[in-house]
Amino acid sequence: MKKLINDPRSVVDESVEGFGMAHADLVDVHTDPIYIVRKGAPVAGKVGLVSGGGSGHEPLHAGFVGHGMLDAAVPGAVFTSPTPDQIIPATAAVDSGAGVIHIVKNYTGDVLNFETAAEMAQAEGISVRSVLVNDDVAVEDSLYTAGRRGVGGTVLVEKIAGAAAERGDSLEAVAGVAEGVVRNVRTMGVALSGCTVPHAGVPSFELAEDEIEIGIGIHGEPGRHRIAMESADGITSRLLEPVLEDLGIKAGEEVLLFVNGMGGTPLSELYIVYRRAARILAERGAKVERSLVGNYVTSLEMQGCSISVLRLDDELTALWDAPVHTPALRWGM
């Protein structure tokens with residue numbers, strides 16, 4: 001194992017410390033327990049947004065703390081859910097009195113720990129609504145979850161719900177916007193290689209030089225099936241077709257197309273995937289109204305990508321376009 005680390009046991013602590021130093025103008029880092037909050041939180045009168053999960057998916061979630069997205073992020077150990085002891089103070093730190101929304105990826109540990117934290121926060125007088133993200137069409141009831149997993153679509157939920165909160169929407173209204181995104185986004189991913197969790201020291205799974213894994217999650221867990229390596233266009237079709245079928249995209253509809261890198265794939269290759277995906281959508285008569293390409297929800301150094309499609313309407317497009325200023329996503333400020 002070759003990684004730019006000092007000690008496998010201190011990876012998260014040292015990474016979060018460095019993140020806070022690099023983005024001290026945007027975030028405040030709390031260390032005992034670890035959580036990250038937006039500079040100046042809580043924002044008066046604004047609904048707070050909190051998300052989190054295991055580390056190893058950077059920039060998710062800490063990279064999306066700031067104006068127009070999250071108010072707090074709670075990182076667990078690598079590929080391990082954060083604890084209620086972290087989530088509760090993060091929730092309290094961003095509560096202005098307007099309530100707090102927890103955006104939770106559908107993994108068993110995340111769901112249980114955020115549920116516990118929400119109950120305890122509510123007992124302390126904080127209004128909390130939880131929104132579950134389950135956009136992965138590849139696998140039902142995987143190693144880490146009951147039902148569909150929360151994957152790349154989480155970024156889109158956080159951005160759009162964050163914009164609704166920033167414009168002053170109520171707790172119920174922001175939750176409604178977030179749930180609307182969840183209903184209208186689907187994702188599927190592929191791995192060209194496994195990834196190595198620092199404290200494990202060995203890859204999560206092995207792939208031969210001529211093999212790929214279709215339908216992987218973001219924790220290095222196996223996917224739908226293993227096949228021989230194909231061209232980028234062939235792989236893109238395998239990922240996108242189930243997404244479009246599940247979402248029921250029809251001719252004339254407007255969509256956001258998101259090609260996400262898993263951490264070890266060059267941006268040049270992601271644009272080759274985007275090229276084919278955009279052409280497939282055009283052939284179906286769908287209009288790609290907005291796009292996002294890059295490494296936003298990663299799985300350490302895994303090679304591969306995921307494709308997400310979000311059905312848009314005028315409100316979702318406006319909320320996507322709204323100003324955002326975070327370490328990993330920024331425009332319009």
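View 1. Cys305 is buried, at a relative accessible area of 6%; here, buried means under 20% relative accessible area, exposed over 50%, and partly exposed in between, using a 1.4 Å probe and protein chains only. Cys195 is buried too, with a relative accessible area of 0%. The cysteine sulfur closest to that of Cys305 belongs to Cys195, and at 15 Å it is too far for a bond. The structure has zero disulfides, a disulfide being a pair of cysteine sulfur atoms within 2.5 Å.

A quick word on the model: it is predicted, so local features need pLDDT of at least 70 and side-chain atom pairs count only at pLDDT 80 or more, while totals for chains, interfaces and linings use all residues. Residues are numbered from 1 along each chain as its sequence is written, and side-chain values use heavy atoms, leaving out hydrogens and water.

**View 2. The open sheet of six strands.** Follow the strands across and you get the order β9-β8-β7-β12-β10-β11, with mixed pairing. The edges are taken by β9 (225-228) and β11 (287-294), each with a single partner strand, so one side of each has no neighbour in the sheet. On average, neighbouring strands of this sheet are turned by 20° against each other, direction ignored. Strands (E, at least two residues) and helices (H or I, at least four) are DSSP runs, numbered from the N terminus. Two strands pair if DSSP finds at least two bridges between them. β10 (residues 254-261) and β11 pair in the parallel sense over seven bridges. Look for Glu254, whose bridge partner in β11 is Lys287.

**View 3. Helix α8 packing on that sheet.** Helix α8 (residues 314-321) touches β10, β11 and β12 (304-311), and its direction makes about 35° with that of β11. Axes are lines fitted to C-alpha atoms, for helices over the stretch in contact, and angles run from 0 to 180 degrees between N-to-C directions. Zoom in on Thr317, which is found in α8 and is buried, with a relative accessible area of 10%. A polar atom of the Thr317 side chain lies 2.9 Å from the backbone oxygen of Asp313. Setting aside neighbours within four places in sequence, Thr317 is in contact with Arg290 and Leu312; contact means heavy atoms within 4.5 Å.

**View 4. Strand β3 and its parallel partners.** Eight of the eight residues of β3 (residues 48-55) are buried, so the strand is largely enclosed by the rest of the structure. β3 pairs with β5 (residues 100-105) in the parallel sense over four bridges, and the bridge partner of Gly48 in β5 is Val100. Six bridges join β3 to β4 (residues 72-78), also running parallel. There, Val50 stands opposite Ala72 in β4.

**View 5. Met229 in a loop.** Met229 sits in the loop between β9 and α6 (232-247), and at 41% relative accessibility it counts as partly exposed. Its C-alpha atom is separated by 8.3 Å from that of Leu192, 37 residues apart along the chain. Leaving out neighbours within four places in sequence, Met229 is in contact with Leu192, Asp210, Glu211, Ile212 and Ile235.

**View 6. An aromatic cluster.** Phe64, Phe258 and Tyr296 form one aromatic cluster. The structure's count is three aromatic pairs, where rings of Phe, Tyr and Trp (its six-membered ring) pair if their centres lie within 6.5 Å; planes under 30 degrees apart count as stacked, over 60 as edge-to-face and the rest as tilted.

Terms used:
A polar contact is a pair of N or O atoms within 3.5 Å; within protein, one must be able to donate a hydrogen and the other to accept it, and residues adjacent in sequence count only if both atoms are side-chain atoms.
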